[in-house]
Amino acid sequence: MEAPEEDSQAAVADGEDAPPAQKLSKNARKKQQKQEFREKRKAERKAAEKEKKKRELERKRREWDEKLAGASEEERVRLVESRREARRERMEQRSEEREMKIARLRGATEVGQKLVLDLEFGHLMSPSEIHSLVHQVMYCYAVNGKSTSPAHLWLTGCTGEIDSQLKKLPGYEKWIIERESRSYIDALHHEKENMVYLTADAEVELHELDLKKIYIIGGLVDRNRWKGITQRKAKEQGIQSAKLPIGGYLKMSSSKVLTVNQVVEILLKFLETKDWKASFFKVIPQRKICEEEPESRNEDALTDIEEAGDEGDADSGAEENAEDEVEGERKRMRMEGTIDGSG
Ligand SMILES: C[S@@+](CC[C@H](N)C(=O)[O-])C[C@H]1O[C@@H](n2cnc3c(N)ncnc32)[C@H](O)[C@@H]1O
């Protein structure tokens, strides 16, 4: 793994306060240009989606108006009534689902697998990375609410900019989640021996989830600029660490460092299915998977892939794509009332 360049680190970490482009190193300038290109492309995609949605709405409205215009008085009354009924049924179904979700999440606070999102890395991220992290947290919460075996989710080290941005999320105050300004190490101090920090840099692989354990996930969006930071933290704090057993089930076309929401979703899928392979395939985007062969069958090829994936850009792509996916999912969930609704 390439050590992060001082300049590029500063450029990303300082965000808007980054030095002017001419003072950046060649490498940092390239990264900055790539980032600008990605942002431009993203903005264009968003605008196109918005326009498409608007046209679709207009088309539906026109169709409805034409249908009504061509109908007899009696038929019109029937059409309007059946549309109203369909809407009522949809609302009822949503409210039932919401009730069930609340019951599941309340149950998880008693018996669910404890999962901690460690939010103590705010000072190492740029404003846009914090923004991205907050959206990933929101996505984790939404996915947990949908899970048939939800986890008992904790947000620890919840202070500063991350905390302020979380508080701005619609419905955040009603989330059924543990919120702690203290670090997990203080908030859950009596369970220190059960803590396992999940990190791609751990030596040990995670094979089972143990209800007695507390699994900690680093709340970082860093394009792996801070490689090894969570492993070092776990070591310094004297707590165990483990990595997801990805290599035993699939080969990745880029780095095995996943985003926060991907890790949470994999763990939730595993809680439901007890099947790592199914969980990885469900969550890790297809384009990131090389082939189905486990790495033990082709170790040379894996080394090449790991080396390629270890370059910052591979991770950067993962986080960029994850952000898009989170954004898309967020919209869908908002429409379904998964995040805005109570709980
Ligand atoms: C974007 S990664 C942060 C990478 C960061 N440089 C680090 O050292 O952890 C977000 C978090 O997801 C978890 N994670 C990502 N990939 C993982 C893997 N392969 N195994 C276990 N945990 C992983 C870790 O908790 C990690 O801190």
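Which residue stands opposite Val116 in strand 2? In this predicted model, in which local features need pLDDT of at least 70 and side-chain atom pairs count only at pLDDT 80 or more, totals for chains, interfaces and linings use all residues. Residues are numbered from 1 along each chain as its sequence is written. Helices (H or I, at least four residues) and strands (E, at least two) are DSSP runs, numbered from the N terminus.

The residue opposite Val116 is Trp154. Strand 1 (residues 114–118) and strand 2 (residues 152–156) pair in the parallel sense, with five bridges between them; two strands pair if DSSP finds at least two bridges between them. Both belong to an open sheet of six strands in the order 3-2-1-5-4-6, in which the pairing is parallel. Strand 3 (178–179) and strand 6 (240–242) are the edge strands, each pairing on one side only. Across strand 4 (195–198), strand 5 and strand 6 lies helix 7, which runs at about 160° to strand 4. Axes here are lines fitted to C-alpha atoms, for helices over the stretch in contact, and angles run from 0 to 180 degrees between N-to-C directions.

Helix 4 (residues 127–146) packs with two other helices. The axes of helix 4 and helix 5 (residues 160–167) come within 10 Å and cross at roughly 50°, which makes helix 4 oblique to helix 5; angles under 35 degrees count as roughly parallel, over 145 as roughly antiparallel, 65 to 115 as roughly perpendicular and the rest as oblique. Ile130, His131, Leu133, Val134 and Val137 of helix 4 meet Glu161, Ile162, Gln165 and Leu166 of helix 5, residues being in contact if their C-beta atoms, placed from the backbone, lie within 7 Å. By class, these contact residues comprise six nonpolar, two polar and one charged, where Ala, Val, Leu, Ile, Met, Phe, Trp, Tyr, Cys and Pro count as nonpolar, Asp, Glu, Lys and Arg as charged, and the others, Gly among them, as polar.

With helix 8, the axis of helix 4 comes within 8 Å and crosses at roughly 15°, and the two helices are therefore roughly parallel to each other. From helix 4, Leu133, Gln136, Tyr139, Cys140, Val143 and Asn144 meet Val260, Asn261, Val264, Glu265 and Leu268 of helix 8, a set that divides into seven nonpolar, three polar and one charged.

Helix 8 also packs with helix 9 (residues 276–283), at an angle of about 140° and with the axes 8 Å apart; the two are therefore oblique to each other. Gln262, Glu265, Ile266, Lys269, Phe270 and Thr273 of helix 8 make this contact with Trp276, Ala278, Ser279, Phe280, Lys282 and Val283 of helix 9, and the residues involved are six nonpolar, three polar and three charged.

Around the ligand there are 22 residues, of which Leu198, Ala200, Gly218, Thr230 and Leu244 come nearest; a residue is near a molecule if its C-beta atom, placed from the backbone, lies within 6 Å of it. Strand 5 (214–218), helix 7 (229–237) and helix 8 (260–273) are the elements that give two or more residues to this shell. In terms of residue class, the shell has twelve nonpolar, six polar and four charged residues.

How values were computed: Two residues are in contact if their C-beta atoms, placed from the backbone, lie within 7 Å.
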